Amino acid sequence: MALQNLWNDAEASKYKGYDELVYRANILGQDPSVTNWKGGNISGKYTEKDFDGADIQVLRVKGSGSDMKSCEGKDFTRLRLDDLLAALEREAMTDEEMVEYFESARLDNSCRRVRCSRLGLSMTRQSRGHATRRCWLIA
């Protein structure tokens, strides 16, 4: 079965920045062959303003518990990209340390939480019980 192209250039042109990401998520979420029911992962990198008005690099990630076909802007967690990239310098983290680390990168606590796996980080167990990470999305 071929994928149906649901993208509408006229509709998409109404959206800027991460609002376009929400539109894209809603379109992708309509096709169950490319998205899990009641889920799906999508993210985008943007330049946004911090609390002081300075430009910062932000990773917007659809948070856990929202469906792509009906998600809204409030369903995307806003994470400071520089903080996430700094995690690549660490040799190892426990699962708890990783969760805490990524929580500290959140810029807006009113948004949904994101799981580490949604950031493209996979944790594997070593004999010492520490988590190591591979990063395929952030870098």
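Reader: What does buried mean here, in terms of relative accessible area?
Author: Buried means under 20% relative accessible area. The model is a predicted one.

Reader: Why is strand S3 largely enclosed by the rest of the structure?
Author: Strand S3 covers residues 76-80, and four of the five are buried, so the strand is largely enclosed.

Reader: Which way do S2 and S3 run, parallel or antiparallel?
Author: Antiparallel. Strand S2, residues 55-62, is joined to S3 by five bridges.

Reader: Which residue in S3 is the bridge partner of Arg 60?
Author: Arg 78 is the partner of Arg 60.

Reader: Switching to the helix. Where is Val 22?
Author: Val 22 sits in helix H2, which spans residues 18-29.

Reader: Does Val 22 count as buried or exposed?
Author: Buried, because its relative accessibility is 10% and the cut-off is under 20%.

Reader: What does Val 22 touch, leaving out residues up to four places away in sequence?
Author: Val 22 touches Cys 71, Glu 72, Gly 73 and Phe 76. Its C-alpha atom is also 9.0 Å from that of Asp 75, a residue 53 places away along the chain.

Reader: And Asn 26, which helix is that in?
Author: Asn 26 is in helix H2. At 19% relative accessibility Asn 26 counts as buried, since the limit is under 20%.

Reader: Which backbone oxygen lies 2.8 Å from a polar atom of the Asn 26 side chain?
Author: The backbone oxygen of Met 68. With residues up to four places away in sequence set aside, Asn 26 touches Met 68, Lys 69, Ser 70 and Cys 71.

Note on methods. Residues are numbered from 1 along each chain as its sequence is written. This is a predicted model: local features need pLDDT of at least 70, side-chain atom pairs count only at pLDDT 80 or more; totals for chains, interfaces and linings use all residues. Side-chain values use heavy atoms; hydrogens and water are left out. Buried means under 20% relative accessible area, exposed over 50%, partly exposed in between (1.4 Å probe, protein chains only). Helices (H or I, at least four residues) and strands (E, at least two) are DSSP runs, numbered from the N terminus. Two strands pair if DSSP finds at least two bridges between them. Contact means heavy atoms within 4.5 Å. A polar contact is a pair of N or O atoms within 3.5 Å; within protein, one must be able to donate a hydrogen and the other to accept it, and residues adjacent in sequence count only if both atoms are side-chain atoms.
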